[in-house]
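Please read this briefing alongside the sequence and the predicted model.

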Amino acid sequence: MIQRMTSLLILILLLFLVDLYVFQALKTVISGLAPATQKYIKIGYWLLFVAAIIVFAIFANTPRHPVLPVKLYLTNIFFILYASKLLIVLFLLVDDVFRIGKLALNSMSTEPTFDPSRSKFLLQMGFLVAAVPFSAFVYGMVKGAYDYRVKRIKIKVPNLPAAFEGFKMLQISDLHTGSFQSQEPLREAVRLINKQEADVVFFTGDLVNNVVTELYPHVDTLKAIQAKHGVFSVLGNHDYGDYVSWSSPEAKRSNLQNLMETQQKMGWQLLMNEHRLLEKDGESIAILGVENWGNRANFPKYGDLEKAYSGSEKAPFKVLLSHDPSHWDGEINQTYKDIDLTLAGHTHGMQFGVNIPGLKWSPVQYVYKQWAGLYQKGQQYLYVNTGLGFIGYPGRVGFLPEITVFELQKA
């Protein structure tokens, strides 16, 4: 309790210092307005500071689970606001450097010639620059989170059985059902999924944020996903409940067991380090699925690819479902070179970035080598789906929620 109060006081102090510094820029920018207008803007500015403190103070003492909608959106709005203010701080620092230089030059002259007052133009630029990410993040919350996009990818391989020419595989990933505040967005996503008339649907992990109860309101919706050869899934790092303080190990195991059983009730085939053969016109391909396997120190290696692979050796074409894309370089393309296509998720594209023709950038690329889209090494492919849901920030900017349709073709 004392540690929490100390952290809150430190946060309040930091926010106050940021606001006090940015207030200097605000006074300069609005200096040309009528006095009454300036007064109301200044009052509104500090009322926002008070509101932020109240929000952070109240929600610092609320349980992490379940995530309340008002908590999710208010904390994110104020986080975005202060992140944007930090950009204004950068312009203020540049302005102060120039001012110090001018004061130094004036001190060396008997007749000061440099005006050391703040640059209104520079600070106006600061506010304009800060408005760009602020507007983008707010738009991402209002529109981007549910702006579902269908991506179509052709995979050409020489060893594809003739019966599977034109076979359509659909991938979704990272639903994070606990982040949805109503059922309609996922219903719309399922309508779009079924519209693709896929031969098979794959889900590559993170069905919940932390606990199985997050899934219950959406069971009937997800149960409605249709595919000629069924729906296959694997677990992601969030599905194990590793980020929850459980009352006992038994409670954690029960949560995972209920999650697995619920997927079964939905008609999904959960692959726990195992494989299935899909048959068509007397020919077959192998679908392998492993538990979460991360090649980074802070992610456990639950997956057992050797176990999943065993028995699938003779299948001419193999698809692997593995939640974490770091598994590809960590094991798959080193030891299992006949796995033609690996489907992963996990990164979300960090739910933020620039994604336009000719330019794909997100901060997550400094953490994961393969983080969004299609990658190839020799004859092996990896596709990293940026996810259909969201977690933490309730929105998406640049990397919109994704439904991926793969068409298999013989090279």
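**Loop residues with positive phi**

- Glutamine 351 sits in the loop that runs between strand S9 (341-344) and strand S10 (354-356), and in this predicted model its phi is near 60°, a positive value in a residue other than glycine.
- Because its relative accessibility is 4%, glutamine 351 counts as buried, the cut-off for that class being under 20%.
- Histidine 176 belongs to the loop between strand S2 (168-172) and helix H5 (184-195), and its phi, near 45°, is likewise positive in a residue other than glycine.
- Histidine 176 has 0% relative accessibility and therefore counts as buried.
- As background to these angles, most residues other than glycine have a negative phi.

**Packing of helices H2 and H3**

- Helix H2 (residues 35-59) packs with helix H3 (residues 69-107) at an angle of about 135°, and their axes are 10 Å apart.
- That angle makes H2 oblique to H3, because angles over 145 degrees would count as roughly antiparallel and those from 65 to 115 as roughly perpendicular.
- The crossing in which H2 passes H3 is left-handed.
- On the H2 side, the contact is made by Tyr45, Leu48, Phe49, Ala51, Ala52, Val55, Phe56 and Phe59, while H3 contributes Val70, Lys71, Leu74, Thr75, Phe78, Phe79, Leu81, Tyr82 and Lys85.
- Sorted by class, the residues in the contact of H2 with H3 are 14 nonpolar, one polar and two charged.

Note on methods: Residues numbered from 1 in each chain as written. Predicted model: local features only at pLDDT ≥ 70, side-chain atom pairs only at ≥ 80, totals over all residues. Heavy atoms only, no water. Helix = DSSP H or I, 4+ residues; strand = E, 2+ residues; numbered from the N terminus. Buried < 20%, exposed > 50% of the residue type's maximum accessible area, 1.4 Å probe, protein only. Axes fitted to C-alpha atoms, helices over the stretch in contact; angles between N-to-C directions. Parallel < 35°, antiparallel > 145°, perpendicular 65-115°, else oblique. Left-handed = near helix turned anticlockwise from the far one by under 90°. Contact = heavy atoms within 4.5 Å. Nonpolar A, V, L, I, M, F, W, Y, C, P; charged D, E, K, R; others polar.
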